[in-house]
Amino acid sequence: MTPPRQIDAQSPTAADPQPAQAPHLMIVDSFALLFRGFYALALSGNYMRTSYGVCTNGLYQFTRYLLDAVGKFRPTHVACAFDMGKETFRSKLYPLYKAHRDDPPAELVPQFDMLWELVAAFDIPRIGKAGYEADDMIGSMAKRFASQGVRVSILTGDGDALQLLDENIRVIMLQKGFGNYAIVTIGNLREIKGVKFPYQIVEMKGLMGDASDNIPGCPNVGPKTALKLIEEYENIDRLFANIDTVKGKLKERLIAHKDQIYLSRELATIRTDVEFDCPLENCLYRYNRDKLLAKFEELEFRPLIRTIAQAEAAG
């Protein structure tokens, strides 16, 4: 497997060309960027407290990520997806789903609601629905608009989104170092992940699980074994239809944990059929300058005020 195409702010090929007539929607995985930004600064003890004592480091970095990606990839439309509480259909289906995660740091907690307000200051639609995760909203938006011929980019740090790839959907993965991205498309997925088709990302997780989300999978089946099985059988259904061709202890483990494997696949599957009320025209990227700069002043994001001015000057 080879790494995905990397771009950075200094690369002359980094930015997409000026937007053409065809719409280009960027869907932002809001909390993925917030968490990434928070820990990027918190590891060095930088919480960026305002003069009135509020921590804003996650918000500040989120804003930097957003402005950089919008400037670089030039979407015509932008939407931000949000989680709407801990309880989802997945946690009802499997109460241990994500149950091992620690509570977020106290310095981060107030920034969740503040992020909702910050995105509103950009006049960017905020998409979320009780009972679903942000991933499900991303998947549902991406597939609906891609089916209408809209070019879709998903901005995230989460590889789960790779299952959503198609001819009109790409995933822009944040990488180490500010302004660095990995672009994954249906054309380079196999080089990067070893699977032929996006849906096989989910088939892999059904077999090997995902410790970060507490998805169990099949014991003692890791990435190499899962990939080998998917290469040979293509999917879990075909694997169990031909289970007698699997030899030894692996066959025994698969049979013993069949229900758990199917459950894991369901937990790992991003929903693409969630209803939402946000027509594409609502996502047109155009902010009210005075309103946005007033929010930056409130949060004491003075360097970002200069960033906005520079971006506007550059056109």
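Asp-123 follows helix H4 and has a positive phi, near 60°, in what is a predicted model, where local features need pLDDT of at least 70, side-chain atom pairs count only at pLDDT 80 or more, and totals for chains, interfaces and linings use all residues. Residues are numbered from 1 along each chain as its sequence is written, and side-chain values use heavy atoms, with hydrogens and water left out.

Helices here are DSSP runs of H or I with at least four residues, strands are E runs of at least two, and both are numbered from the N terminus. H4 covers residues 109-121 and bends by about 25° at Leu-115, the bend being the angle between axes fitted to the seven residues ending there and the seven starting there. Among the residues of H4 that are buried are Phe-112, Leu-115 and Val-119, where buried means under 20% relative accessible area with a 1.4 Å probe and protein chains only. The cover over the buried residues of H4 includes helices H1 and H2, strands E3 and E4, and H12.

The axes of H4 and H12 (residues 289-299) come within 8 Å and cross at roughly 150°, which makes H4 roughly antiparallel to H12, a label for angles over 145 degrees. Axes are lines fitted to C-alpha atoms over the stretch in contact, with angles from 0 to 180 degrees between N-to-C directions.

Arg-90, in helix H3, counts as buried because its relative accessibility is 3%. Its side chain makes the polar contacts below (N or O atoms within 3.5 Å, one able to donate a hydrogen and the other to accept it).

| Partner of Arg-90 | Distance |
|---|---|
| Asp-136, side chain | 2.7 Å |

Conventions: Parallel < 35°, antiparallel > 145°, perpendicular 65-115°, else oblique. Buried < 20%, exposed > 50% of the residue type's maximum accessible area, 1.4 Å probe, protein only. Contact = heavy atoms within 4.5 Å.
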